[in-house]
Structure formats: structure tokens, C-alpha cells
Amino acid sequence: EESPRPFATGELLHYKIKWGLIPVGRATLEVAPSEEVNGTICDKFVLAVRTNEFADAFYKIRTRAESYVAPNFRRSLLYKKRQQEGKTDRDVVVRFDYGRKMAFYSNHGKLEREIPIRATTFDPLAIAYLFRLGQVRLGEKRILPTCDGRLVQEVEVTVKAKEKLRVPAGKFEAFEASPALKSLRGVFKKSPKGILRVWYSADARRIPVKMSSKVVVGSFTARLEKIEKATPSKD
């Protein structure tokens, strides 16, 4: 069905992050202004995560990911991640070459991996917005082809019960969605038996209002704190 796009350039979502009951940092999800990639004007999305002064003493995080998606959300063309987490220091660029059906993964300017991809493939950040484009219905399952440059996955997302949530940004009715991921790295890296859970608002915007997972260093929760310019596009 044709419907207004649930997000628009300028949308900026702010989250408070806790490990257990302890506030440890903040994150933002941004629909940034479009940029050109090899002659194609792309939608751009940005995730930024940083720990606070308390958490810095134990496990400092300063991570930024950028996703560049072809018009009409056809597929990812470029993915960048500047990852500083504890002792991990990566400066990743993943280029998607659909003519050669390959993704090229570079770290600090050095090509480290080449892997085959499908004609339609999305980076890990893009799938958060791809999921928002469709109607969210109870019991629905979606398969999202995903590649971070090192691993290709068919991510199955199952929509579970609708519930009422209270987060710093207000009260929401939201559907819980659970992506079945074989591997998560960095900030969202799960414990072996951990489950990543995302709650999307039940309105037309389908905003991720809460994210939760049991991660390697404990229990992670991000709750929506503030929304900026969350007006659907009329395009």
C-alpha cells in the first residue's frame, strides 16, 4: 500500500541508555540530509552512541555509524562505522558493488574482506529504517537481507504482542519486534543466549521507542527520551 513515509530528513531520536538500573550513556538515530555516493543521491542515516563519564571509567564508547541507501530504499550503497569501544578501534568502510555482486570491507583504509552479496542488500543500520516502511502487524514475520561487510545474514524479524510503554519521551502503544540475528558486534553484541528486542510505536511513524538486549557486559536498555522533527514526508 502507498502511504506517507514514516520518517523525514531532520528526524532526530534521542535515547537514554542503561545497563541494568545504572545510566551509562546516550544514543541518537538521525535521518540526515541526502548525500551523493558515486553519482547517486542517497538517503543517509546516522547512529551515534557514547557513554557518560561514569561508564567511561569502565568501558568507554564513542561509536558512529552511517548508512547510505539508494533512492526508493532499494538497497545500501555505502556503510561507515567509526567504532571506539573499550580496546576496540575500527574505522570501517563497506562499499556495495552490485555490478560485481560483492561487498568490500576496509578497516583504517586497508581492504580486509570481500564477500558476495545479493542484488538487494541492506547494511545493519538501514534495516532499522527499512522495517519502519512497512505496516507492523501482530504475528508478522519479515526477512531482511543484511550485510555488514564481514557477514551476510537473512534477518528474520517477528512482530509480537502490542503493549503500553512509558519512556522519558512519553506514553506509547508499541509492538515488540525480535530480530533473529546470528551475530551482533560492538555496542549491541549479545550474550550467547541473549535476545535483541525492539518496540516500535503502533502509530504511522513506527518509531523505535525502546531497545533491549542481554549483552556481553550485562543487560542493555535504550529508552526514547526526545523526538525532533518526526513529521512524515509527503513525497
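Predicted model: local features only at pLDDT ≥ 70, side-chain atom pairs only at ≥ 80, totals over all residues.

Visitor: How many of the nine residues of strand E4 are buried?

Guide: Strand E4 covers residues 61-69 and is mostly covered. With buried taken as under 20% relative accessible area, the number of its nine residues that are buried is seven.

Visitor: Which residue in E4 stands opposite Arg-50?

Guide: Strand E3, residues 40-51, pairs with E4 in the antiparallel sense over eight bridges. Opposite Arg-50 stands a residue of E4, namely Arg-62.

Visitor: Which residue in E5 stands opposite Ser-67?

Guide: E4 is also joined to strand E5, residues 76-85, by nine bridges, and the two run antiparallel. In E5, the residue that stands opposite Ser-67 is Tyr-79.

Visitor: Is Phe-73 buried or exposed?

Guide: Phe-73 lies in the loop between E4 and E5, and its phi is positive, about 55 degrees, although Phe-73 is not a glycine. Its relative accessible area is 6%, and because the cut-off for burial is under 20%, Phe-73 is buried.

Visitor: Is Asn-38 buried or exposed?

Guide: Asn-38 has its place in the loop between strand E2, residues 22-37, and E3, and has a positive phi near 50 degrees in a residue other than glycine. Its relative accessible area is 76%, and because exposed means over 50%, Asn-38 is exposed.

Definitions and conventions. Residues numbered from 1 in each chain as written. Heavy atoms only, no water. Buried < 20%, exposed > 50% of the residue type's maximum accessible area, 1.4 Å probe, protein only. Helix = DSSP H or I, 4+ residues; strand = E, 2+ residues; numbered from the N terminus. Pairing = 2+ DSSP bridges.
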